[in-house]
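Visitor: Could you walk me through the strands of this model? I would like to go pairing by pairing.

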Amino acid sequence: MSSSSFRVLAPCSGRVIAITDVPDPVFAQEMVGPGVAIEPDAGPTTVVSPIAGKVIKVMPHAFVILGDGVGVLVHLGINTVRLEGEGFEVIAVQGSEVAAGDPMISWDPATLPSSAGGQDVSPVVPVVLMDGAKGSVASEAIGGAVGVGDLLFVGP
């Protein structure tokens, strides 16, 4: 895999923020891996796969795609696991092959409660290279708006 060819596309539209600005220390400190996050546009949306590959894991609030030996995690919101799937519709099938842009999960970030299980809930969507080196992802998209399928970052 050449470093210039591993392109990660935006799984949803919204404003791109630095991973360090995610309101969750696990993501902000890059414990899961480096990446960026998207403050999603309000309204019903279908989140798509940011890369081509195999669906390794799919849950109502998150999914992992493995492509070219690299896993990419897309996590729909912060503390959304506490919603136990409410408000999410899983489209993707675990174990299936997907192309970049294939529909994965539908949701409406505007309908999330402000808290669940005593934890603050945020609609921010981290997009993370699993097990990547801390600080290894840079994105020219940070601070700007992206549409579904726009280039989010290039993998190291």
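Visitor: Which residue in E6 does Val55 stand opposite?

Guide: Val55 stands opposite Ile65 in E6. Please keep in mind that this is a predicted model, in which local features need pLDDT of at least 70, side-chain atom pairs count only at pLDDT 80 or more, and totals for chains, interfaces and linings use all residues. Residues are numbered from 1 along each chain as its sequence is written, and side-chain values use heavy atoms, with hydrogens and water left out.

Visitor: How many bridges join E5 to E6?

Guide: Five bridges join strand E5 (residues 53-59) to E6, and the two run antiparallel; strands here are DSSP runs of E with at least two residues, numbered from the N terminus, and two of them pair if DSSP finds at least two bridges between them. E5 and E6 form a hairpin, with two residues between them.

Visitor: And what does Ile65 stand opposite in E7?

Guide: Ile65 stands opposite Val72 in E7, and E6 pairs with strand E7 (residues 70-75) in the antiparallel sense over six bridges. In the hairpin of E6 and E7, which also has two residues between its strands, Asp68 takes a positive phi near 55°.

Visitor: Why is E6 largely enclosed by the rest of the structure?

Guide: Five of the six residues of strand E6 (residues 62-67) are buried, so E6 is largely enclosed; buried means under 20% relative accessible area, with a 1.4 Å probe and protein chains only.

Visitor: Switching topic, what is the order of the open sheet of three strands?

Guide: The order is E4-E10-E8, with antiparallel pairing, and the edge strands, E4 (45-48) and E8 (88-90), each pair on one side only.

Technical notes. Helices (H or I, at least four residues) and strands (E, at least two) are DSSP runs, numbered from the N terminus. Buried means under 20% relative accessible area, exposed over 50%, partly exposed in between (1.4 Å probe, protein chains only).
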